[in-house]
Amino acid sequence: MGTMTVVRLDADTLTPRQLNEKLRELLASGAEAVVENPRSRHNLGVALPGPGHVTFKGSVGYYCGGLSNGGSIAIAGNAGWGIGESMANGFIRVRGSVGQSIGASLRGGTIVVEGDAGPRAGVAQKGGVVVVGGNIGFLSGFMAQRGKLIALGDASDGVGDSLYEGNIFVAGRIHGLGIDAVIAPPMPEEIDEIESIIAEVGFPLKPREWKKVVAGRKLWYFDKREGQTWLKV
Amino acid sequence: MCGIGGVKLSEPGNIGERLVQMMSALRHRGTDSTGFALYGPWQEDRLIVRLRVADRERLAETLNRIEAALRQAGGELVSPPTWDKADRARDAFVRLEVTPTVDVERATAAWIALGPSASLRVNSVEVHSFGHSLEIVKDVGDALAVAERHDIRGFTGSHGLGHCRLATESEVDVAHGHPFWARPFPDVSIVHNGQITNYFKSRRLLEQEGYQFSSDNDSELISVLIADRMKHGQTFEEALRYSVTALDGVFTYLLSIPEGIGLAKDRLAIKPMISAETGGVTVMATEEQAIRQVLRDEITTKSYAQGEVVIWER
C-alpha cells in the first residue's frame, strides 16, 4: 500500500456535517483519519463508506458509525446511544463503554465494545455481529431478527425479550430472561464460531460457559391457550 | 425529550456558569424553557423567595399586596425586594428575603390568589421557590437567554440543577418550566426528563392530604411525593426507591435537598443519565457531552440501570 498519510481533523473546529463530509471523502479513498476532541458529540462518523479507517481520540455521543457501509472506526473512549445503528457493513471498536441500543437494526458488519453496553443492546438486530466484552443492559436483544449478540460478561434482566431469529450468546450470568426467551444449549460448532469471532477481535480465549438465548416461539403465533404470555406483554 | 443536569461541589464554588454551559450543550433537547435550581449558602435567619409577577407595569402595586399577604401569613420582609433588570419585559422576576416565621403554604396560596391580571389573562403571581438555601430561576427560552436575563453565571453555591424543556404534557410557559419546588417544602427541588402516566391518580391522593399544586406538570408531583414521604419519616433514599415503584411511566429525575442530589430511574431504563466525578466536582447530565462542558478531559463516566437510585451527598 505504500506510505499512508494520516489526516488529522479537529472536531472542535468543524460542525458534525463538515466533519462527516471530510471523513466520507477520506475513507472512500482508503485513507486513515484521526479525529481530535470529539467531546461526546452526536452524529460523528455517520454513513461512512469503505475502505478507510477513522480513529476518534476520545468519547463520542449518539449514533457514531450509524448507516455506514464499510470502513472501520476506532473510538478511544466511550460512546453514547445507537452506535452503528442500521450499519450495513463495516467495523466499529469502542475502547470504553456504550449507552443504550448499540447496533440497533444492525444489518451487517461487526461492532466490538471492550467495556459494558447499556440497555437494549442489539435491539431489532437484523444481521451482523455485536461483541460486548463486559455486561449487556436491560432488555438486550429485544426483538432481534437475525445476527449475533455476544456478551462475555453478564446479561441484565429481560434479555431476548420478544425475539425473532436473533441469537444471543452470554458467557456470564443471565439475570433474567425476557418474555418468550429461552436458554438453549449451544451446538459445538456454534461455540467454535463464537470463539473464533471473539479471538479475531482480540479477546483472550478461556473456558467459558456459553448460554444461548433464542425465541421460545410462543409469541410468533397467537394461541389463546397462551393468553397469559400475551398478557405479560 | 428534555435535558437535565446537576452539579455538586465538595467546596462551595461557581455552580451558575457550570450549569449554564451544561444546559447550552443540551439545547437540542428543548428550548421551550430553561431553568436552574441553585443552592447557595444556608441562611438560618431567612427564607429566600423567588416569584414571577406577570404584569411588570403593576409591579409596585403587586409588591405592596405581596408584602401585606406575607404579614398575614406571619412573615416580614428582611430586606427590600429586588427584581430582574429587563425593563422592557412584560413580566418581572422578584427575589424576596423573608423571616422564617412565615407559614409557607399560607403565603404561597395568598400570593397566587392575588388574582389574574386582566391584561395578560394569567395569574399575576407565580411562586417559584422558597428556601434557606434554594433559589429557582426559570424562564422561557434557551440557557443563554435565561442566563443573560437572570444573571445565573455568577451564582456560587454547593450544588444545583438545570433543565431545558421540550414540552410534552403541559403548557409551554414559565409556570410549567422546570425546576419545580416541592410546595410547600422549602429547599426541595426537582428536574425531570420523562412522563408520569399515573399522574392524575397520584396527584388526587396528594391533594387529599392537603397539598396544593402550582402547575399541571407531572414533575411537580414527584417532588411533593418525595418530600411527603420524607416528612413521614422515610430517608431520602427510601423515598426515592418508593417513587420507582409508585410512579408509572418513563422517567429519570434529579431531586435536590440541601444535603445533596438524588437520582431515580424508571423500571424500563428509557431515559438516560450519565455522571462523572473528579477533583471535588460531581456532574450528572442526560448526555455525556454536557458533562464534557464542565470536565473537558476524558474521564470515566458512569451510567445507570433500570430502577436505579443514587444519592450524591454533599
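## Cysteines

Is Cys64(A) buried or exposed? Cys64(A) is buried, its relative accessible area being 1%, where buried means under 20% relative accessible area, exposed over 50% and partly exposed in between, with a 1.4 Å probe and protein chains only. Cys164(B) likewise counts as buried, at 1% relative accessibility.

This is a predicted model, in which local features need pLDDT of at least 70 and side-chain atom pairs count only at pLDDT 80 or more, while totals for chains, interfaces and linings use all residues. Residues are numbered from 1 along each chain as its sequence is written, chains are lettered from A in the order in which they are written, and side-chain values use heavy atoms, without hydrogens and water.

Across all chains, a search of the whole structure finds zero disulfides (pairs of cysteine sulfur atoms within 2.5 Å). Cys164(B) is in no disulfide, the nearest cysteine sulfur, that of Cys2(B), being 7.2 Å away.

## Chain contact

Chain A brings 17 residues and chain B 16 residues to the contact, defined by heavy atoms within 4.5 Å. The area buried between the two chains (accessible area, 1.4 Å probe, lost on being put together and summed over both) is about 1,300 Å², and carbon and sulfur atoms give 43% of that area. On the chain A side, Arg39(A), Ser40(A) and Phe138(A) lose the most area to chain B, together 37% of what that side buries.
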